[in-house]
Each structure stands twice: as C-alpha cells, then as structure tokens.
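Work through the exercises below with the sequence and the structure at hand. Try each task before reading its solution.

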Amino acid sequence: MMAKKQIIGKLSDERVLVFDRDGISKLHSKRYGELNDNFLSLSLVEALYVVSKNWLRVKDKRNKFLSFEELYDYAHQIEEKLCIRYLVYKDLRNRGYTVKTGLKYGSDFRLYERSNIDEVHSTYLVKVFSEEKPCDISEITGFVRVAHSVRKKLIVAIVDADGDVVYYNMSYLKP
C-alpha cells in the first residue's frame, strides 16, 4: 500500500512532525495530519496508528527511534484517555473513515463520510467513553446540543473492557 521506505517523524511535545516531502505527500494524500508550510503535524493518536501500520518511525528529542509501545507510553502520560481514543480511532480508520480532531467542538473526533472524503465539513462528531467510567446524562445532553448547533450528528463511542467499540447515534429531538 505505502512505499517500502518508512517515513521518519520527530516527536514534538503533543505532536509528531514530518518534514520529508515524500512522507508529507504520502500521509497527507491518505488524509493524515495537518499540513503546514514545510511540515505535516500528526496528533499522537494519528502517529500511533501510522506507526502500527509500519509506515512511520518516530524519533524522540534525543534522536532515538521509539517503538510503538514507547510512543504509546509517552502519549499515555500526556493523555489519560489515550487508550480508548486510540481504539476508536483505529476502528474508524480501519472502516475507511477519515478521522480528525474534534477538539474545537468539545468532542474527541470529527468524522467524514467515506463516500465524499474531499468534503470540507465533517458529518459527525465522535465522543469517546469507557464502559467502566459512565458519564452523566447532562454531559451527553451538552454534547448533543453542541453537535446540533454546528449541524453535525453526534456518535457516542463506548469502549468495553475487552477493547471492543459500540457506537450510538445521538440526536436532538424537539418536543
């Protein structure tokens, strides 16, 4: 699928940066990262996924290559929900969706329809929860309201103890 030569990324706090033009082109064409003038910026979740595919190798600040496990441990120290967010990201990507950060909307991800990948606006917001840590209904209500106000559909992803993901489509009904 991807070229045999692995792409090299550089760990930079909460991002992984790719400076190699070919690497930028290959990853960006597959809808990974945020394109900047002379580099591609990947979130830690994106970088983990691409590393798991053996398309990317990540160097730390000391120029040492990190294994998937070392990158995961680093990322987990920064983000408590990393494990469940990664499982959902991986599942959605494996299903063929384009997945981007949903931070601007208070969600975990924005999800783009598979049929129209070049669409400017995402169709869904995805909020990730663990089966072991339930959330308040008022919290869910707030996410539904935000999604409705920005004309997106809300999907709640629940990750169980086995790492399986179940998706629920949440919507706002006017009485």
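Ala, Val, Leu, Ile, Met, Phe, Trp, Tyr, Cys and Pro count as nonpolar, Asp, Glu, Lys and Arg as charged, and the others, Gly among them, as polar. The model is predicted, so local features need pLDDT of at least 70 and side-chain atom pairs pLDDT 80 or more, while totals for chains, interfaces and linings use all residues. Residues are numbered from 1 along each chain as its sequence is written, and side-chain values use heavy atoms, without hydrogens and water.

**Exercise 1. Describe the largest pocket and the residues that line it.**

Step 1. A pocket is an open set of points on a 1 Å grid over the protein atoms alone, where a 1.4 Å probe fits, with protein on both sides within 12 Å along at least five of seven lines; lining residues have an atom within 4 Å of a point. The volume is the space filled by probe spheres set on the points, which are joined across faces, edges and corners. For the largest pocket, the volume is about 610 Å³.

Step 2. The lining has 27 residues, and R15, E34, S43, K100 and T101 are the closest to the centre.

Step 3. Helices (H or I, at least four residues) and strands (E, at least two) are DSSP runs, numbered from the N terminus. Two or more lining residues come from each of β3 (34-35), α2, α4, β7 (98-101) and β8 (109-112). The most come from β7, with four residues.

Step 4. Sorted by class, the lining has 10 nonpolar, six polar and 11 charged residues.

**Exercise 2. How do helices α3 and α4 pack?**

Step 1. Two packed helices are described by the angle between their axes and the distance between the axes. Axes are lines fitted to C-alpha atoms, for helices over the stretch in contact, and angles run from 0 to 180 degrees between N-to-C directions.

Step 2. Between α3 (residues 68-78) and α4 (residues 82-94) the angle is about 125°, and the axes are 10 Å apart.

Step 3. Angles under 35 degrees count as roughly parallel, over 145 as roughly antiparallel, 65 to 115 as roughly perpendicular and the rest as oblique. Therefore α3 and α4 are oblique to each other.

Step 4. Contact means heavy atoms within 4.5 Å. From α3, F68, Y72, A75 and H76 take part, and from α4, L82, C83 and Y86. Six of these residues are nonpolar, one is polar and none is charged.

**Exercise 3. Is each of G33, K127, R31 and R151 buried, partly exposed or exposed?**

Step 1. Buried means under 20% relative accessible area, exposed over 50%, and partly exposed in between (1.4 Å probe, protein chains only).

Step 2. G33, in the loop between α1 (21-29) and β3, is buried because its relative accessibility is 6%. Beyond its neighbours within four places in sequence, G33 contacts L40, S41, L42, E46 and K100.

Step 3. K127 lies in β9 and is buried, at 11% relative accessibility.

Step 4. R31 is in the loop between α1 and β3 and is partly exposed, at 24%. R151 lies in the loop between α5 (137-149) and β10 (153-159) and is exposed, at 79%.
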